[in-house]
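The following note concerns the charged side-chain contacts of the structure shown below.

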Amino acid sequence: MSVHDDLTSVQRCIDDLVRSVGRLEQQIGGGGLEIRRVRADADHLRESVALLRESAPGLAPPRRPDLVPIPDTPYDSSLWTDSDDEGLGAHDRHAP
């Protein structure tokens, strides 16, 4: 098995554990210290595997480039004084 397959298998097992702890918590009540410890331990395991998946070489999902916000306000018209209109040419010249 590859590291990716092993981590996926561990993640599935932890997901099953968390679901089982949730059912057990509903059956015996969630107020006791013991069930809260089990819940916390299961959550810590889930977080640890997520961190391991992120740090494993070659398994991290590719980062998306940071988005650049574009304002809704109109651009300053002085930016376009020396520019040509695409397909139309400059304002002071005639098209061929």
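With which residue does Asp16 form a salt bridge?

1. The model under review is predicted. In it, Asp16 pairs with Arg19, and the closest N and O atoms of this salt bridge lie 2.2 Å apart. The two residues are 3 positions apart in helix α1, which means that about one helical turn separates them.

2. Both partners of this pair are partly exposed: Asp16 has a relative accessible area of 41%, and Arg19 has one of 46%.

3. A search of the whole structure returns 3 salt bridges. One of them joins the side chains of Asp15 and Arg46, with an N to O distance of 3.3 Å.

4. The accessibility of the Asp15 and Arg46 pair may be stated as follows. Asp15 has 22% relative accessibility and therefore counts as partly exposed. Arg46, with a relative accessible area of 33%, is likewise partly exposed.

5. A salt bridge is also found between the side chains of Glu25 and Arg39, at 2.8 Å from N to O.

Terms used. Residues are numbered from 1 along each chain as its sequence is written. This is a predicted model: local features need pLDDT of at least 70, side-chain atom pairs count only at pLDDT 80 or more; totals for chains, interfaces and linings use all residues. Side-chain values use heavy atoms; hydrogens and water are left out. A salt bridge is a side-chain nitrogen of Lys or Arg within 4 Å of a carboxyl oxygen of Asp or Glu. Buried means under 20% relative accessible area, exposed over 50%, partly exposed in between (1.4 Å probe, protein chains only). Helices (H or I, at least four residues) and strands (E, at least two) are DSSP runs, numbered from the N terminus.
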